[in-house]
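Subject: Structure handover

Hello,

Please find the structure below, with the sequence. My notes on it come after.

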Amino acid sequence: DIRLLCACTCLGGDERRVDSRTIYVGHRSGSPNEAIIPPKFCDNRIVSSKYTVWNFLPKNLFEQFRRIANFYFLIIFLVQVRTVDTPTSPVTSGLPLFFVITVTAIKQGYEDWLRHKADNEVNKYPVTVLEDGRRIRKESEKIKVGDVVEVEEDETFPCDLILLQSSRDDDTCFVTTASLDGESNHKVRCTALLDLESLNATIECEQPQPDLYKFVGRMHIYTNNQEPAVRSLGPENLLLKGATLKNTQKICGVAVYTGMETKMALNYQGKSQKRSAVEKSINAFLLVYLCILVSKALVCTTLKYVWQSKPGQDEPWYNEKTQREKDTNLVSMFTDFLSFMVLFNFIIPVSMYVTVEMQKFLGSFFITWDKDFFDPEIKEGALVNTSDLNEELGQVEYVFTDKTGTLTQNNMEFIECCIDGFQYKYRDASSELDGFCVTDGPVNKLQQKAGREREELFLRALCLCHTVQVKESTEQKVVPPPEEQRGFIASSPDEVALVKGAMRYGFTFLGLESKTMKILNRNNDVEMYELLHVLNFDPVRRRMSVIVRSRSGDTLLFCKGADSSIFPRVRQEEVERIRMHVERNATEGYRTLCVAYKHLSAEEYAQADKGLREARLALQDREEKLMAVYNQVETGMSLIGATAVEDRLQEEAAETMEALQGAGIKIWVLTGDKMETAKSTCYACRLFQRNTELLELTVRTLEDGGRRREERLHELLIEYHKKAVLNLNLFLCSCCRSWSSANQDYGFIIDGATLSMVLNTSSESNSSRYKNLFLQICQNCTTVLCCRMAPLQKAQIVKMVKNSKGSPITLSIGDGANDVSMILEAHVGIGIKGKEGRQAVRNSDYAIPKLKHLKKLLLAHGHLYYVRIAHLVQYFFYKNLCFILPQFLYQFFCGYSQQPLYDAAYLTMYNICFTSMPILAYSLLEQHICIEILLDNATLYREIAKNAMLRWGPFLYWTLLGVFHGLLFFFGVRYLFSNPALQDNGQVFGNWSYGTIVFTVLVFTVTLKLALDTRHWTWINHFVIWGSLAFYVFFSFFWGGIIWPFLRQQRLYFVFANMLSSVSAWLVIILLILLSLLPEILLVVFRKPRGPHARQVELKHTYTA
Amino acid sequence: MMASSYNAKDEDGHITVSGPGGGTLRSKKPENTAFKQQRLPAWQPILTAGTVLPAFFIIGLIFIPIGIGLYVTSNNIKEFEVTLYDMSGPHQNPFRNCNNVFMYYGLSNFYQNHRRYVKSRDDSQLNGDLESLMKPSKECEPYAYHENKPIAPCGAIANSMFNDTLELFYNDPNGTKIQIPMTATGIAWWTDKHVKFRNPTDNANLTAVFQGTTKPVNWRRPVYELDTDPQNNGFINEDFIVWMRTAALPTFRKLYRIIPKKNSMVPTLLRGNYTLEVVYNYPVRSFEGRKRMILSTISWMGGKNPFLGIAYITVGSVCFFLGVVLLIIHHKYGNRNNSADIAN
């Protein structure tokens, strides 16, 4: 029964989908008698775009109207369209809304078009697919799971492939995954099988998952009616989409994951949207204004009915209602309310969102344009991945920085080593050609050097125990290149430094060829070692090993790793000799590694070999099994020596850190490195000063007391809390003045293990308490150092601080893949375009080439962006308040009839034409303090800390200013109109003249108010400010100069010109503008001197005094 | 008013780095233009007490004379106001000058600025559009049609046009009443009269033009009988145009007539008693309104309004006073302030 069979297999397929998938290589069925039912997988299209041509309009509109402000305006618009009796035509609010929606749609459409272009580039890329022995060119997007794909050198893989065949003799190929995880080294991938022609195989592998380094699969190979052979597949067989083929002419692979199921695509998702604190402020203000709006409408509606209740008011003989109006009397209360809402709706600035968005978008260009961020080494400048957070850069309170590659250059240099307790310091290659030079060695003076045998063993270990590759020169030269210029590629710069260090002492690593490592020893002989196994490095074990077999047949295991992970695995008597060196080196800020070795007897090796192979074949818990075997093998070693590698500080790292601290930013160093190394880096960066009192909370201090760790932790936390928090408070009380000079600085040090104890204490009650204590201590320390952190712990710490009281703005800066989690977690994530590749950069919000650029990014750009946008937001609310307040007040004089004060054209144009450009120009160009001064005086950054310009205080000030202006405009003109005969020919002005005078005063006042706030007048500012005013005058003449055929009422016909012919109107306009601005000018006198140079003057005073 | 410093920061100005062969490099390296580096030359005004203080004095010194001028002017304007009831009586003439005297009528508690009222008009009909004449806009409802005939001019504003007649008589000491001649033109905006308001055709025979329309319900005469002068009849009747310019506030005045000056020697209105005769048509009781008649002279600043003068004098003196106070504060405490800053 075929149908039944189908159903069964389908079911089976479904079941399999849960944990694994089956792939028919080349779409050929595994066993000949089994028909394939091709399982459905997604195609190989990468879709990062949001819209298509067809769904752009509805989808984009839907997304836009999900925004509360846009939705509000849509409702207002619909109310105007639906209700016949609205005070203003739907155009007045429809047009700005349309404008805003269009601009946003264009921006988003453009961004999506760019994504489409990028997608197409990937999707339409031609690839070669082998079908039944023929090579067919296809577009990349047409690849299906099971296709056999051919890839040539330097091409990127179009999807996740299992390597089947390589053009290299040793059945390997090299790939670089720089674009995926940033590791720029060449990695080896092994083929799964050789014979492609008569291939008949299925692959069973796990369902797609985002971990780049995990893959478990199994291949069944069917050969003529025999039992299928099974091969295990692991990450070493998998070629990831996005990686590039290197050093290999071509390979064939079978597609296992395609399109959105590739590991690259799975990793690409999940980047959360970050929202800035300013946006939260805007929303809060918006709510206040909404309340004002609703209460205004309510007041007017109520008063209208109170007023109407008097006989003869509602419907005097001269102003009768139509029959329809009389009929709808019942619902009129509600429609009246809606009408007032419509009338006052302009109080919510419709164009603010679009202006803010434009400001952010355009403003972010200044970061990419900044030539100070250009690094000549990598020939790149800063990169802005999101423009939404510009102003957040001016609000940073906590900086979380990685150490390696961020504070330090990640440019390792071999400094010294120690062999059997004797120190070998390398002085200068040219002066001491023959190698070792011993300085200030250990106390043992009888023997200055370790035995030559030990030396050579140590150097061999350095040469063999690594995963470094020799860079192959393109023109296969026979002559090896000169020694010093030999290029090495490795995932970790430490390894290169060690290999190069060994080279200086006469042992040169020549390369790895078909499992044989070649070494040029001191006597210029080539030694060959067969590489049997590599026990990979991982951050948990913190060590790596190789098992090699020498020519003489000895099997050796070399292991190198962190002292903490090596010392327990070697004989204890050896440890003491070397521990001293390691500790001294660590305090000097060097990165130390210990080297150990072990002879493996034949049985031992056989056992280890078997264990390793078995573990590697396992489909389940492969990691754990491997780990167990590794741990089993790496025991009973003997310690040979230790190395010290210096990681130099980044350029101006100390100055940058000092500036940031001066700016009131607390700096936390989060590193995976050792405490001693990290501490010395902190001292070098001047994060810890000489007088800084260090509060240590590490495993070591916990074990000091000899008691249970939990008790000790409790004790220490309380003690430190007393010290740092309570004392400080006391201190602050006793002497408020000049506290900064006498204040004791505290530095806090914690390590990963202790941190997890603090955060995950066994007892529930303590856990929150410890966390609180810990936070309070940390917040009172200038610098916090967290060492031995796992990437996830870094994010945990950021999250903890982020969610602490006052929700401070956090910034994470890092360069490596291990910093991604904290970059994503922090409010602002900054990636450094460092040596460890691009992963951090890709996940960051901003990327800069060097740490030193952080200073300008925060102190200058961040400060300016914050001031600009804060002013922009406040100004927008202010200008709309004093725009609509006169209209509200007018209701008291027109019988609450929703009569607009201004003409519809003015209502429409006010926000989009008359007053929008000056504030946009201001918000892009303003430098209330010069960039140079901002950089020189980090303390200026403190002035805007904690959202200083967008708190309720300043908001209240601006609101009151708006109210004051609105009242002034309305009543000033009202008293003028107590006699409306304002022209010298005795003619009178009507209501539209009234509105036009108010509006003229309004436009001039808000524009001049901005002019008064502008501290940095470029020609653009001049142009837009005076241009806007001129445009207003021109437009008013134009609008009132013609009988417009499409208008039902020629309300403004010659109103503006007539207004200007009246001297009184001129005088009242001048008076009101001046009177409105007077308090502003008055404030200047009481304030400290402002302006870009005033600061300098003030500072000079300070110096001279 | 403000001290300023002109800061030209662009040593390298607008020069773009574009060396030969630097093509690939330039694409990535940010351009060194003044704009992109945020180094546009800029004027950076410094507002300090020292620079702002003179501004106060200057404002004071300018505003106080203007204010005094305005106040004096306003005070010199003679205004005579009488509330109109159903009676007229003799009044003393306060005017002694030789200029034009303007007669206004005032209404209070009359909401000409009510939204339903303001929009109840058809400007294209008033502009002489024949189609609108016969089909008045919906906005005019319920004053658009009467007995199935279109109303011309339609709408509530036109319908409620002020239709009292005010006439002024000089009570000659010998007992006779001499009517004061008054002109009814020149009371509306020129542009209104000549552009915005037009009769449907320039045909002299307005009666024919308005054939098929009906007069507003409250009117006694049709629109083409508002005046005998063809240049002041129909839609371009100036009384009508003045009424159609809706007032800003519920208490308002509108220009009614101009009493032209005789010559520069003789006062426009002779000393003596006058009688105002009112033909009372316009009902205001129903909405508790009041009617007034105002006789007023006009100056360069318009009608009598002490507000501007007082406001200018107040603002000017406040500025001046503030200037003095601030100067004292600045001089006495300025230095101490500075030292306080330094301590911080």
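This is a predicted model: local features need pLDDT of at least 70, side-chain atom pairs count only at pLDDT 80 or more; totals for chains, interfaces and linings use all residues.

Residues are numbered from 1 along each chain as its sequence is written, chains are lettered from A and ligands numbered from 1 in the order in which they are written, and side-chain values use heavy atoms, with hydrogens and water left out.

Annotated site

An unreviewed UniProt entry places the feature "active site" at A:Asp402; feature names are shortened, positions follow the numbering used here, and annotations may be inferred rather than shown by experiment. A:Asp402 sits in the loop between strand S15 (396-401) and helix H11 (403-407) of chain A. Helices (H or I, at least four residues) and strands (E, at least two) are DSSP runs, numbered from the N terminus. A:Asp402 counts as buried because its relative accessibility is 3%; buried means under 20% relative accessible area, exposed over 50%, and partly exposed in between (1.4 Å probe, protein chains only). Beyond four places in sequence, the residues in contact with A:Asp402 include A:Leu670, A:Lys794, A:Asp815 and A:Asp819, where contact means heavy atoms within 4.5 Å. The side chains of A:Asp402 and A:Thr406 make a polar contact of 3.4 Å. A polar contact is a pair of N or O atoms within 3.5 Å; within protein, one must be able to donate a hydrogen and the other to accept it, and residues adjacent in sequence count only if both atoms are side-chain atoms.

Cores

The largest nonpolar core has 189 residues, and among those with the most contacts inside it are A:Phe977, A:Phe999, B:Trp243 and B:Leu295. Helix H28 (residues 853-891) of chain A gives the most to this core, 18 residues. A second, separate core has 53 residues, including A:Leu389 and A:Val828. A nonpolar core is a set of buried Ala, Val, Leu, Ile, Met, Phe, Trp, Tyr and Cys residues joined through side-chain atoms within 4.5 Å.

Interface

Contacts between the chains involve 94 residues of chain B and 103 residues of chain A. The buried area between chain B and chain A is about 8700 Å², with 62% from carbon and sulfur atoms; buried area is the accessible area (1.4 Å probe) that two parts lose on being put together, summed over both. In chain B, the residues that lose the most area to chain A are B:Gln38, B:Arg115 and B:Trp189, together 10% of what that side buries.

Three salt bridges are found across this interface, a salt bridge being a side-chain nitrogen of Lys or Arg within 4 Å of a carboxyl oxygen of Asp or Glu. A:Arg1048 forms a salt bridge with B:Glu139, with the closest N and O atoms 2.0 Å apart.

Local details

Helix H19 (residues 675-684) of chain A is largely enclosed by the rest of the structure, because seven of its ten residues are buried. Just after H19(A), A:Arg686 takes a positive phi of about 60°.

UniProt (unreviewed entry) lists residues 46-72 and 307-329 of chain B as "transmembrane region". Residues 46-72 of chain B are 89% helix and 4% strand, with end C-alpha atoms 39 Å apart. Residues 307-329 of chain B are 100% helix and 0% strand, with end C-alpha atoms 32 Å apart.

Regards
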